[in-house]
Amino acid sequence: MKYKIYTLLVLIIFYSIFFIKMLIQKREGIKTRQVGTIKEKRTRIIEILMSVSTLLIVPIQIISIFLDYNFSSDSLRYIGLLISAFGDIIFLISVITMKNSWRVGISKNDKTKLITNGIYKISRNPAFLGFDLMYIGVTLLYSNPFTIIFSIFAITMLHLQILEEEKYLEKSFKDEYISYKNKTNRYLGIKR
């Protein structure tokens, strides 16, 4: 029972951060969700698949929680709880640091700032890292074939989205982004 409550809390916090940020930006006249607006077919397909994967995983996670469908030991579940909570924290910090430059998807019409301070000194993609950690943590909490498959699919699609965004950022911010990319790892750590 305790894992159900903790896992639901992790999910509620994570998705609340996401939707509250979208609402705040909407009030400021910012369209946060830009998924599928790019004309390039590959980018549009990746964004749509990323969006679908992140939507489909939610019912899988919730069903797994309520059916208590898992094959994890208590120690693995505890580790999963820590990882997923850490994912929430990283996601929150990244969204706050990004301020009004945070978007879901790529938009060539919406010019934003390149954020390289705060948590973005440690990771070029901390929001995606937050997603990944939350998915991995919940999968450890409720390890079953469905959470494993859908988490792998979602993490893969998020990674492909990162690769598309990096191409866009290189075109948009040129040397500034290349310099940043050479100093900061995609997920964790600092390049020297």
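Against which helices do the buried residues of α1 pack?

1. The buried residues of α1 pack against α2 (41-67), α3 (74-98) and α4 (126-141); buried means under 20% relative accessible area, exposed over 50% and partly exposed in between, with a 1.4 Å probe and protein chains only. Among these buried residues are Tyr3, Val10, Leu11, Phe14 and Phe18, together with Lys21 and Gln25. Helices are DSSP runs of H or I with at least four residues, numbered from the N terminus.

2. This is a predicted model, in which local features need pLDDT of at least 70 and side-chain atom pairs count only at pLDDT 80 or more, while totals for chains, interfaces and linings use all residues. Residues are numbered from 1 along each chain as its sequence is written, and side-chain values use heavy atoms, leaving out hydrogens and water.

3. Just after α1, Gly29 adopts a positive phi of about 80°.

4. Ser72 lies in the loop between α2 and α3 and counts as buried because its relative accessibility is 13%. Excluding neighbours within four places in sequence, Ser72 is in contact (heavy atoms within 4.5 Å) with Arg77, Thr139, Leu140, Leu141 and Ser143. A polar atom of the Ser72 side chain lies 2.6 Å from the backbone oxygen of Leu140.

5. Phe146 is found in helix α5 (residues 145-183). With a relative accessibility of 46%, Phe146 counts as partly exposed.

How values were computed
Helix = DSSP H or I, 4+ residues; strand = E, 2+ residues; numbered from the N terminus. Polar contact = N/O pair within 3.5 Å; in protein donor to acceptor, adjacent residues only side chain to side chain.
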